[in-house]
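Dear colleague,

I am handing over a structure for your attention. Please find it below, followed by an account of what was found in it.

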Amino acid sequence: MSDELLGLTAAEQAARIDAGELSAAEAFEYWRGRAAADELGAYLWVADDTPEDAGTLPPIAVKDLFCVRGVPSMAGSRILEGYRPPYTATGVRNLEDAGVRVLGKTNQDEFAMGSSNENSGFGPVQNPWDRTRVPGGSSGGSAAAVAAGTAPWAIGTDTGGSIRQPASLCGIVGMKPTYGAVSRYGMIAFASSLDQCGPLTRDVTDAAILLGHLQGRDPCDSTSLGIPDGVPLPTAERLDGLRFGIWGMEEPGLEPGVAEQVNATLARIEELGGSVEPIELPTAGHGIAAYYVIAPAEASANLARYDGVRYGPRAAGNGDLTSLYEQTRHDGFGEEVRRRIMIGTYALSSGYYEAYYGTAQKVRTRIAQDFAAAFGEVDFVVSPTSATVAFKLGERTADPLAMYLSDYYTVPMPLAGIPAISIPCGLSEGLPVGFQIAGPAFSEARILDAAHALEKSIAFGGVPVT
Ligand code: GLN
């Protein structure tokens with residue numbers, strides 16, 4: 001198979017398969033070879049061979065935390081090493097039903113906790129634009145694989161930014177849908193009231209196609225609804241009459257090079273007929289503080305199940321049950337996961353619950369109200385996706401707070417349950433900058449249309465395929 005496929009989006013490859021110019025098996029085999037030759041640490045598992053029924057669409061790279069029947073599914077954690085689930089996550093099953101096959105499982109921060117992919121139990125991932133830099137996290141493997149051309153498209157999960165931030169740092173498109181758009185069944189849980197599955201792709205059209213297949217109400221997830229009107233393919237080339245509220249340009253940590261590209265994108269919005277006005281989200285600045293109480297609180301409950309009895313490796317301990325639990329959890333969890341379990345357990349403990357968890361939930365409600373008020377004035381809230389371009393491996397590992405601030409722009413949306421996309425909008429210091437567009441719940445089709453119009457105008461030109 002020629003490297004011609006590398007230059008094509010997944011939709012373009014699908015069209016060739018459809019026209020009989022390429023078989024799905026050939027496409028799978030080609031991408032399997034690319035994935036197997038990955039040098040960035042993006043994959044934790046690659047399919048051994050081409051499935052007998054290779055489907056009808058290009059294959060997909062799946063973040064490790066999605067359960068796939070018979071395939072290692074470890075959420076990037078040593079505590080699940082060797083775990084092969086007996087069932088497949090609904091999102092992945094929906095893709096399989098649509099004719100997509102699983103190419104491999106991608107590296108990630110352990111249990112999706114991180115912004116750099118350095119918290120993986122299986123080693124970090126390198127950014128294909130500069131291998132001394134992080135790809136972002138926690139869906140860093142999925143983002144790096146798409147950017148480096150070792151996967152035609154990928155899925156990840158976003159709890160506080162883990163699709164949009166790595167998409168931004170790797171120069172690709174990433175979308176977090178409305179909470180409930182995609183079933184969480186079979187996604188190894190981090191923070192259940194925030195976790196959402198979504199696409200990481202080369203362009204907006206591919207993101208719309210994947211989301212259209214992923215979404216849907218699922219009887220196995222009572223919080224799932226699907227996207228009531230489905231996901232039509234985006235076609236817009238103009239933004240006439242649309243109002244964009246820009247948020248967060250005064251933040252001290254915003255790199256000038258990032259601000260420059262975001263401002264250039266705002267100018268494009270106006271050229272395309274849209275209007276831009278500053279918008280206040282008075283509580284959004286407290287998003288990180290609220291998130292880092294709520295997410296660890298939920299994680300501390302979700303991760304209680306890893307005790308060496310139900311899943312994965314079991315440490316011997318001293319021969320009694322308590323020490324078996326303790327030793328297994330000590331050996332299996334990485335430092336960041338242990339930190340979150342401690343923060344979460346503390347925040348939920350009697351006497352502190354109201355002060356921390358209760359207060360954080362109130363902040364969460366206020367953030368949702370901020371967005372609701374903003375959407376009374378504008379159609380979309382836009383911002384940088386990340387205050388900085390991809391940072392150096394190791395640069396923020398010693399300072400958890402600096403790492404947590406990586407998600408300043410992405411955390412408010414999952415707290416409010418609303419959808420947002422990141423699209424590449426230019427380069428700063430030779431590295432990609434992401435532009436974020438958020439809209440009201442279930443406005444995915446409108447967000448994708450606006451992103452499509454902007455994408456055509458920006459003509460980012462792509463990925464550092466090597
Ligand atoms: N970086 C954030 C965290 O560490 C968000 C992660 C995510 O969205 N899964 O929790």
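Please note that this is a predicted model. I begin with the contacts of the ligand.

One nitrogen atom of the ligand is found 3.5 Å from an N or O atom belonging to the side chain of Ser138. The backbone also takes part: a polar backbone atom of Ala112 lies 2.8 Å from a nitrogen atom of the ligand, and an oxygen atom of the ligand is 3.2 Å from a backbone N or O atom of Gly161. As for exposure, the ligand taken alone exposes 290 Å², and 100% of that area is buried by the protein.

The surroundings of the ligand may be described as follows. The shell around the ligand comprises 15 residues, the closest of which are Gly160, Ser162, Tyr291, Arg340 and Asp407. The space that the ligand takes up is the largest cavity.

With regard to the overall arrangement, the protein is divided into two parts: domain 1, covering 3–240 + 389–458, and domain 2, covering 284–360. Their centres, taken over C-alpha atoms, are 26 Å apart. Where the two domains meet, 28 residues of domain 1 are in contact with 26 residues of domain 2.

Why is the ligand said to lie between domain 1 and domain 2? Both domains give residues to the shell around the ligand, and the ligand therefore lies between them.

Yours sincerely

Definitions and conventions:
Residues numbered from 1 in each chain as written. Predicted model: local features only at pLDDT ≥ 70, side-chain atom pairs only at ≥ 80, totals over all residues. Heavy atoms only, no water. Near = heavy atom within 4 Å. Polar contact = N/O pair within 3.5 Å; in protein donor to acceptor, adjacent residues only side chain to side chain. Areas by Shrake-Rupley, 256 points an atom, 1.4 Å probe, with all protein chains shown as cover. 1 Å grid on protein atoms, 1.4 Å probe; cavity = no way out; pocket = protein on both sides within 12 Å on 5 of 7 lines; lining within 4 Å. Sits in = over half its atoms within 2 Å of the grid points. Domains from an automatic or database assignment. Contact = heavy atoms within 4.5 Å.
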